[in-house]
Amino acid sequence: FVSVSSDKTGVVYDGKEGTVMHKLDAKAAHKGSVYCVSWSPDSTKLVTSAADKSLKFWNAADGSNTGSVSLGKDQGDMQNSVVWANAGTVVSLSLSGALNVVPEGADAPSKVIYGHKAPATALAYDASADRIVSGDIEGRVIVWTATNDEKTQFEGAIVSGGE
């Protein structure tokens, strides 16, 4: 398994023993807090997303950096989450709510998909249905069809506890 943190680092652990196998290459580290990490479908690569508005690609076996993509300069461009959508593509979620579709090895997204109107904070990929699910701070959940950008939106009330 892998952990990432606000100190801009990532650590790969042995899943059985829980011991540290290696750290992600510090020379290629993010310049801001790392918010998310995702394994490639074949478990040989990792991708991280961070406050520095970038994605970084890593070799899972040794922690070496294999690429980086910058996704903007504004606060809304912070990359809150990332998923490996299939063997050659990752999808990241900007704070602004934009989904960035990034082919592995590219230096920019192949497309950017918009849908959220509030800061977005959650992202998941359902491989069995080839769908992406994202959520924002206003309780809006959007289910995206990865192949054609169709979306279904769900809205719920924000509930506060204790009353």
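## Asn65 and its polar contacts

A polar atom in the Asn65 side chain sits 3.1 Å from the backbone oxygen of Phe57, and the Asn65 side chain also has a polar atom 3.3 Å from the backbone oxygen of Gly67. Polar contacts here are N or O pairs within 3.5 Å, with one atom able to donate a hydrogen and the other to accept it; residues adjacent in sequence count only if both atoms are side-chain atoms. This is a predicted model, where local features need pLDDT of at least 70, side-chain atom pairs need 80 or more, and totals for chains, interfaces and linings use all residues. Numbering starts from 1 along each chain as its sequence is written, and side-chain values use heavy atoms, with hydrogens and water left out.

## Around Asn65

Asn65 belongs to strand β7 (residues 65-70); strands are DSSP E runs of at least two residues, numbered from the N terminus. With a relative accessible area of 27%, Asn65 is partly exposed (buried is under 20%, exposed over 50%, partly exposed in between, using a 1.4 Å probe and protein chains only).

Beyond four places in sequence, Asn65 is in contact (heavy atoms within 4.5 Å) with Asp25, Ala28, Lys56, Phe57 and Trp58. Asp25 is 40 residues away along the chain, yet the two C-alpha atoms are separated by 6.4 Å.

## Aromatic pairs

The whole structure has 2 aromatic pairs, meaning Phe, Tyr or Trp (six-membered) rings with centres within 6.5 Å: stacked under 30 degrees between planes, edge-to-face over 60, tilted otherwise. Phe1 and Tyr13 are stacked, because their planes meet at 15°, with centres 4.8 Å apart.

Phe57 turns up again with Trp84, edge-to-face at 5.9 Å and 85°. Both residues, Phe57 and Trp84, are buried.

Technical notes
Helix = DSSP H or I, 4+ residues; strand = E, 2+ residues; numbered from the N terminus.
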